[in-house]
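Reader: I am new to this structure. Please show me how to read its features, one at a time.

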Amino acid sequence: MAKAAARPASVWLEDKSRRGGKGGGGQPTGLDRERITEVSVRLLDAEGLAKFSMRRLAAELKVTAMSVYWYVDTKDDLLELALDAVYGEVRLPDPDTDEDWRDQLRTLAGEYRALLVRHPWLSPLAGTYLNIGPNSLAFSRVVQRVIRKTGLPAEGVTGAISAVFQFVYGYGTIEGLFFTRVHSAGMTPDTYFEHAMTTVSEVPATAGIIEEAKDIMEARGGDTVEEMLERDFVFALDLLVAGIEAMVARAE
């Protein structure tokens with residue numbers, strides 16, 4: 001018996017010819033991948049990844065779940081489309097200009113951080129799929145070209161990309177989760193932070209650690225959570241930029 005062909009590892013690798021044109025041929029009218037993807041992103045932002053389902057999406061679109069399957073084979077396909085769609089929000093600097101690589105790298109890092117915070121569901125999906133959609137590839141290409149402008153030897157380019165963007169991934173993921181908790185608690189970020197710090201300061205198991213870190217927290221500065229997060233991010237990114245500069249100097 002003939003073995004069934006393996007399904008593409010990505011929705012971006014599927015045979016596009018197997019899907020018919022919009023409308024006609026039994027396809028539902030008024031739908032296309034763009035609209036389905038747009039509504040999926042909106043639902044993921046509003047309700048989170050755990051509550052997302054094809055049935056929930058169909059209800060939002062006011063169609064049957066089977067109608068959605070005219071355009072995607074699985075929920076995974078749809079999540080991959082949504083993932084790439086939000087990468088299209090990133091403002092990309094032009095590596096061909098004379099703008100300093102440091103400024104361009106800071107722009108890319110800040111854009112990626114903001115994307116992770118705006119869409120907390122992006123973080124787990126970014127590690128699940130191949131990320132070879134057009135918007136994701138455009139982002140990756142610009143990142144690579146900006147890092148090349150640093151003067152690092154070719155063997156150091158991927159390491160530099162990992163250092164900067166794995167840091168941003170972790171920072172943005174935690175920040176996004178923090179704001180999700182804040183929203184669920186019905187508090188402002190500052191009120192939530194104050195409540196949390198007060199609580200852990202009163203628990204014997206954690207009070208000592210909080211006291212030891214008191215001078216660090218005071219030196220950190222910032223009157224709001226937003227300011228503290230921004231200062232930490234900027235300083236950490238400066239450390240990474242300085243590290244790249246030092247490695248370039250060492251190679252020379």
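Author: We go from the whole chain to single residues.

Author: This is a predicted model, where local features need pLDDT of at least 70, side-chain atom pairs count only at pLDDT 80 or more, and totals for chains, interfaces and linings use all residues. Residues are numbered from 1 along each chain as its sequence is written, and side-chain values use heavy atoms, with hydrogens and water left out.

Reader: How many helices and strands does the chain have?

Author: Start with the rule. Helices (H or I, at least four residues) and strands (E, at least two) are DSSP runs, numbered from the N terminus. Here the count is 12 helices and 0 strands. From the N terminus the order reads α-α-α-α-α-α-α-α-α-α-α-α. The C-alpha trace spans about 70 × 55 × 40 Å along its principal axes.

Reader: What share of the residues is buried?

Author: Buried means under 20% relative accessible area, exposed means over 50%, and partly exposed lies in between (1.4 Å probe, protein chains only). Of the 252 residues in the chain, 35% are buried.

Reader: What about contacts between residues at least 6 apart in sequence?

Author: Contact means heavy atoms within 4.5 Å. Among those contacts, 71% join residues at least 24 apart.

Reader: Which residues touch the most other members of the largest nonpolar core?

Author: A nonpolar core is a set of buried Ala, Val, Leu, Ile, Met, Phe, Trp, Tyr and Cys residues joined through side-chain atoms within 4.5 Å. The largest one here has 59 residues, and Leu 57 and Leu 105 touch the most other members. The elements giving two or more residues to this core are α1 (33–47), α2 (54–61), α4 (75–87), α5 (101–118), α6 (122–126), α7 (134–148), α8 (154–185) and α12 (225–251). Take Leu 57. Leaving out residues up to four places away in sequence, Leu 57 touches Ile 36, Val 39, Ser 40, Leu 43, Phe 52, Val 68 and Leu 78.

Reader: How do I read a pair of packed helices?

Author: Two packed helices are described by the angle between their axes and the distance between the axes. Axes are lines fitted to C-alpha atoms, for helices over the stretch in contact, and angles run from 0 to 180 degrees between N-to-C directions. Angles under 35 degrees count as roughly parallel, over 145 as roughly antiparallel, 65 to 115 as roughly perpendicular and the rest as oblique. Now try α5 and α7. Their axes come within 9 Å and cross at roughly 150°. So α5 is roughly antiparallel to α7. Trp 101, Gln 104, Leu 105, Leu 108 and Tyr 112 of α5 meet Phe 139, Val 142, Val 143, Val 146 and Ile 147 of α7.

Reader: At what angle do α5 and α12 pack?

Author: The angle is about 140°, and the axes are 11 Å apart. That makes α5 oblique to α12. On the α5 side, the contact residues include Trp 101, Leu 105 and Arg 113. On the α12 side, they include Leu 229, Phe 233 and Ile 244.

Reader: Is Ala 160 buried or exposed?

Author: Ala 160 sits in helix α8. Its relative accessible area is 8%, so Ala 160 is buried.

Reader: Which value does phi take at Lys 62?

Author: Phi of Lys 62 is near 65°, a positive value in a residue other than glycine. Lys 62 is in the loop between α2 and α3 (65–68). At 74% relative accessibility, Lys 62 counts as exposed. Asn 131 also has a positive phi, near 55°. Asn 131 is in the loop between α6 and α7. At 18% relative accessibility, Asn 131 counts as buried.

Reader: Which residues does UniProt list for "DNA-binding region"?

Author: UniProt positions are given in the numbering used here, feature names are shortened, and annotations may be inferred rather than shown by experiment. The unreviewed entry lists residues 53–72 for that feature. Over residues 53–72 the chain is 60% helix and 0% strand. The UniProt annotation "domain: HTH tetR-type", also from an unreviewed entry, covers residues 30–90. The end C-alpha atoms of residues 30–90 lie 29 Å apart.
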